[in-house]
Amino acid sequence: MSSIDYSEKIPNNVNLAEDRTLKRALEQWQPNYLDWWADMGPDGSQNFDVYLRTAVSVDPQGWAQFGHVKMPDYRWGIFLNPAEADRKIHFGDHKGEDAWQDVPGEYRANLRRIIVTQGDTEPASVEQQRHLGLTAPSQYDLRNLFQVNVEEGRHLWAMVYLLHKYFGRDGREEGEALLERRSGQKDNPRILEAFNEETPDWLSFFMFTYFTDRDGKFQLCALAESSFDPLARTTKFMLTEEAHHMFVGESGVSRVINRTCQVMNELKTDDPAKLRAAGVIDLPTIQRYLNFHFSVTIDLFGADESSNAATFYSTGLKGRYEEGKRMDDHQLRGQTYRVLNVQNGQLVEREVPMLNALNEVLRDDYIKDSVAGVERWNKVIEKAGIPFRLKTPHKAFHRNIGSLSGAKVSPDGRVVSEAEWKAKADEWLPSGADRAFVASLMGRVVEPGKFANWIAPPVIGINRQPVDFEYVRFN
C-alpha cells in the first residue's frame, strides 16, 4: 500500500486503524508533540499560511502535493516505503536469512539506541533553527526554512512510531524523552554535540543544511540497509524528503557566493574590508564557516575505531552506504582499513580491522560526497573569473572525537604547535568578529521577489512557481 490515509487523525500508510493500542498511544503523544512545536518550533510563525510540500503517497512519482497551510495544521504522519516481498538480510552474521519484521530480543537495546539517536537529531535541528525566520533574507528562503522544519518534525514522527510499535513501555518513555531534551540546554541537552550548537545566522543555516543534513543522508542510507525491515522502510522514505534539505544548503551557499562575486567584480576588489563595507560576505569568511561546519559534522560519524560500529554491522542493524553495490563478502572478516593517528608530531596511517573502522568508512564516503558540492561552488567563483578556491579542510582538522580528538592540525593537514594553532585559529575558523559581521547583515526581507543584499535570488522558484510568488502569507 503506497497511498496515505488522510481520513485519520494521524495520516499513515501502516494501517494504524487496525492496531488500536498503538493508535491510542500515538494519539496521546500527539498533543505533547504539538505543545513542543508551539514552544520550540519556528518563532512567531504559527498563523502564517506557508506554501508547503506534504507527502500524499510513498510512490516515487507524485509523492507530494503543494499548497498553503498553517504549520501547526501540517499533516505530520507515519509513512514507510512499500514492503519488499521476501526481503533477505544482505550483510553481517545473518546474511541470507529473512529480514526481521520484529525486533530480535538480543538486539533490542542496540536497536533502540540507534533509533533514539536518529530521532533526537530531528527535533534538535528545529530547535537550533527556531529564530531564523525573524531574519530571513527573502520569502523564498523563509518558506524553505519552514519546509525543512516541518519535515524534521515528520522524521521525528517516523522514529517515534518505531519506538511505540516495537519497544513497548521503554519505547513510549523514549518517545516522551525526545520531546523533553532541548538543544543547547545545560541540564538536558540533545544527544549529539553538533545538535547543541547554535545556528545563529543564515550562512550557518545553509552550511548546516549542506553539511549536517548530508550526514543525515549517510546515516539514513546506512540504516536503510538494516535487517530490521520497518527501520529500513522508514528511513528509505525519509531520504526522499532529506534531498530537499541538502538542496537548500547547497543552493543557499551558492547564491551567497554568487552575490559576493558580483560585488567583487563591480568594485574590482577582493579586499574583505571593502566587501564587508558593501554589505556582502567575503570569500575567506565563507571558507572559515565551511571549515567549522565540515569539521563539526565529520565528528558526528563517531570514533574512527569503534566496537559498537562492528557490532551494529555484524548483527545486521546498520549497513554501509550503498551496501548492495559493494563487491566483497558483506561480512568483512579479515579485511582491514586505514585510519589516521598523530604520532611524534606526524599524521600516520595504520591498518585496523575493517569491522572496527566502519565509522571511518562512512565518514570517507561522506567526505567524497561533500567535496563534490564544494567543487560546484567553485564553478560559480570560476565563472565570475575570480582566482579563489574553496576547499574542504583536512579530515584531521578541528576534531573532537576519536584518535584525532584535540590534535592540532591545520586545514592543509600539517600538525602544528599549540602556539601556531592559537595564532592562526581566527584565520581558520569563524572569529567572534566574523560572526558579529554576518549577524549584522541579518535583516528581515519578506516582500515577494525581494532579497537581502548579501544573497542572490534563485534561478527558479519552488514547484515551478515564479521567484516572486507569495510563498508565505502573513496573517
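Residues are numbered from 1 along each chain as its sequence is written, and side-chain values use heavy atoms, with hydrogens and water left out. In this predicted model, local features need pLDDT of at least 70 and side-chain atom pairs count only at pLDDT 80 or more, while totals for chains, interfaces and linings use all residues.

**Exercise 1. Find which residues of helix 12 are buried, and what covers them.**

Step 1. Helices (H or I, at least four residues) and strands (E, at least two) are DSSP runs, numbered from the N terminus. Buried means under 20% relative accessible area, exposed over 50%, and partly exposed in between (1.4 Å probe, protein chains only).

Step 2. Helix 12 spans residues 432-440, and D434, F437 and V438 are buried there. Viewed down the helix axis, the buried residues of helix 12 fall within an arc of 95°, so they line one face. The arc is taken from the directions that run from the helix axis to the C-beta atoms.

Step 3. Turn to the other side of helix 12: G432, A433 and S440 are exposed.

Step 4. The cover over the buried residues includes helix 5 (202-223), helix 7 (272-277), helix 8 (283-299) and helix 11 (418-428). Contact means heavy atoms within 4.5 Å.

**Exercise 2. Describe how helix 5 packs against helix 10.**

Step 1. Helix 10 covers residues 358-383. The two helices pack at about 145°, with axes 10 Å apart. Axes are lines fitted to C-alpha atoms, for helices over the stretch in contact, and angles run from 0 to 180 degrees between N-to-C directions.

Step 2. The crossing of helix 5 and helix 10 is right-handed. That term applies if the near helix is turned clockwise from the far one by less than a right angle; anticlockwise gives left-handed.

Step 3. Sort the contact residues: nine are nonpolar, three polar and five charged. Ala, Val, Leu, Ile, Met, Phe, Trp, Tyr, Cys and Pro count as nonpolar, Asp, Glu, Lys and Arg as charged, and the others, Gly among them, as polar.

**Exercise 3. Repeat the analysis for helix 1 and helix 3.**

Step 1. Helix 1 (residues 20-40) and helix 3 (residues 139-166) have axes that come within 11 Å and cross at roughly 150°. This crossing is right-handed.

Step 2. Among the contact residues are W29, Y33 and W37 of helix 1, and L156, W157 and Y161 of helix 3.

Step 3. The contact residues divide into eleven nonpolar, four polar and one charged.

**Exercise 4. Give the strand order of the open sheet and locate its edges.**

Step 1. The order is 2-1-5, with antiparallel pairing. Two strands pair if DSSP finds at least two bridges between them.

Step 2. The edges are strand 2 (64-70) and strand 5 (472-473), each pairing on one side only.

Step 3. Strand 1 (residues 49-55) joins strand 5 over two bridges. D49 stands opposite R473.

Step 4. Helix 3 packs on this sheet and touches strand 1, strand 2 and strand 5. The directions of helix 3 and strand 1 make about 40°.

**Exercise 5. Is E382 buried or exposed?**

Step 1. E382 sits in helix 10.

Step 2. Its relative accessibility is 52%, so E382 counts as exposed.
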